[in-house]
Amino acid sequence: MKIDSISIKSTVFLAPMAGYTNSPFRQICKEKGAGFVFTEFVSSEGIIRESQKTFEYLQFIESERPIGIQLFGHNPESMAEAARIIEDRYKPDVIDLNFGCSVRKVVKKNAGAALLKDIGLLESVAQSVVKAVKTPVTAKIRSGWNHHQSIVAIEVAQILENAGVKALTIHPRTASDGYRNTADWNMIAEIKNMLSIPVIGNGDIKVPEDALRMKESTGCDAVMIGRAAIGNPWIFEQVNHLFEGNTNYHEPDLSVKLDMCIQHITREKQYADDDHVNRIMKKYYRHYIHGFPNASEIRNHLVNSKSLDDTVSALQEIRNHILNYPTQIIHVKDIFKKITSFRGKSFS
Ligand SMILES: Cc1cc2nc3c(=O)[nH]c(=O)nc-3n(C[C@H](O)[C@H](O)[C@H](O)COP(=O)(O)O)c2cc1C
């Protein structure tokens with residue numbers, strides 16, 4: 001598959017997700033077979049103001065390529081200016097325009113999915129960014145603002161292609177749906193039939209088979225996975241396996257999941273201090289330990305840990321226990337007690 005002149009090896013992409021898709025997580029997903037990754041969205045105003053926090057979101061390493069930096073905003077000139085700065089400083093493979101975010105703080109500024117209510121302005125934003133940069137510009141949309149205008153995506157998709165956008169991702173829920181109801185995959189098929197640029201389908205891929213079903217039923221050029229990849233980067237290799245025509249795929253065993261969780265912590269530590277990494281990782285634990293016999297007990301201990309070193313020790317202990325005594329029950333309390341007394345720290 002190609003977006004403009006960029007060759008993409010795998011047609012399963014990692015979705016942009018604020019609070020999750022930072023460089024360490026993207027690196028892991030890439031290594032597990034994601035064909036394309038995106039930063040979380042950054043605001044045009046933050047870029048222009050040279051906000052250091054905003055710039056931190058944009059750091060990536062070469063092995064993450066191809067990568068898209070996602071931009072949101074509502075002012076055509078500011079969006080163009082921010083895109084120029086991004087191109088100049090970061091040289092991403094694509095600049096992706098966010099016309100899908102339904103979070104209040106974004107839509108109240110008339111950005112993200114709010115632009116689906118003002119198609120004229122949306123068109124100006126897209127035209128202005130496309131004109132400002134040499135980097136291919138892509139876009140991500142929802143199906144509309146609410147159910148009264150849920151087919152606005154059909155009109156918007158054509159407008160974006162005409163504006164020079166090189167690929168379009170569609171998450172076929174309205175902004176007012178949030179994450180309620182199911183994504184309307186028929187809309188992905190309809191848009192794919194209409195456009196000549198690549199169309200990326202997104203929404204409700206929960207297991208690898210869903211990705212295959214989406215691709216086959218809609219004809220989309222690639223699928224994009226968000227929530228199902230959190231703490232589960234294996235989904236990319238599993239989907240690739242199905243896309244290659246295999247009927248089965250490998251499920252990681254519990255010790256492999258713990259190894260990955262430890263690896264994730266180690267990578268995060270290269271970018272942030274322990275307190276920050278502790279906060280980031282608390283969102284991932286329940287996903288990494290999904291399927292464990294006493295998952296909720298383990299998770300409770302992990303999220304209450306005040307020390308990242310203790311957390312890593314506990315994960316290592318549990319992993320060793322699983323490898324050495326695969327059929328024995330895990331006495332979670334004993335494992336954690338051992339570590340806390342060893343470290344002289346307390347878990348609440
Ligand atoms: C925590 C979270 C943060 C998100 N942040 C972004 C974002 O920054 N930009 C964006 O376009 N979509 C964002 N999304 C939407 C996802 O990219 C995706 O469209 C949505 O989750 C549906 O796909 P899924 O069913 O595979 O999760 C976010 C979703 C979640 C759950």
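This is a predicted model: local features need pLDDT of at least 70, side-chain atom pairs count only at pLDDT 80 or more; totals for chains, interfaces and linings use all residues.
To colour the two parts, select 2-243 for domain 1 and 254-343 for domain 2. Their centres, taken over C-alpha atoms, are 32 Å apart.

Next, select residues 67-72, which form strand E6. Is this strand enclosed or open? Strand E6 is largely enclosed by the rest of the structure, because 6 of its 6 residues are buried. Show the side chains: Ile67, Ile69 and Leu71 point one way, while Gly68, Gln70 and Phe72 point the other way. In a regular strand, side chains alternate between the two faces of the sheet.

- Residues 37-38 are strand E4, which runs parallel to E6 and is joined to it by 2 bridges. Valine 37 has isoleucine 67 as its bridge partner.
- Residues 42-43 are strand E5, also parallel to E6 and joined by 2 bridges. Here valine 42 is partnered with leucine 71.
- Residues 94-99 are strand E7, parallel to E6 with 4 bridges between them. Isoleucine 69 is partnered with isoleucine 95 of E7. To follow the chain from E6 to E7, select helix H4, residues 76-90; this β-α-β crossover is right-handed.

Last, select the ligand. Which residues come nearest to the ligand? Of the 22 residues around it, they are Ala15, Met17, Phe41, Gly226 and Arg227. By class, the shell around the ligand holds 10 nonpolar, 8 polar and 4 charged residues.

Methods
Residues are numbered from 1 along each chain as its sequence is written. A residue is near a molecule or strand if its C-beta atom, placed from the backbone, lies within 6 Å of it. Ala, Val, Leu, Ile, Met, Phe, Trp, Tyr, Cys and Pro count as nonpolar, Asp, Glu, Lys and Arg as charged, and the others, Gly among them, as polar. Domain bounds come from an automatic or database domain assignment. A residue is buried if 20 or more other C-beta atoms lie within 10 Å of its own, exposed if 12 or fewer, and partly exposed in between; C-beta atoms are placed from the backbone. Two strands pair if DSSP finds at least two bridges between them. A crossover is right-handed if, with the strands pointing away from the viewer, the path from the first strand over the helix to the second runs clockwise.
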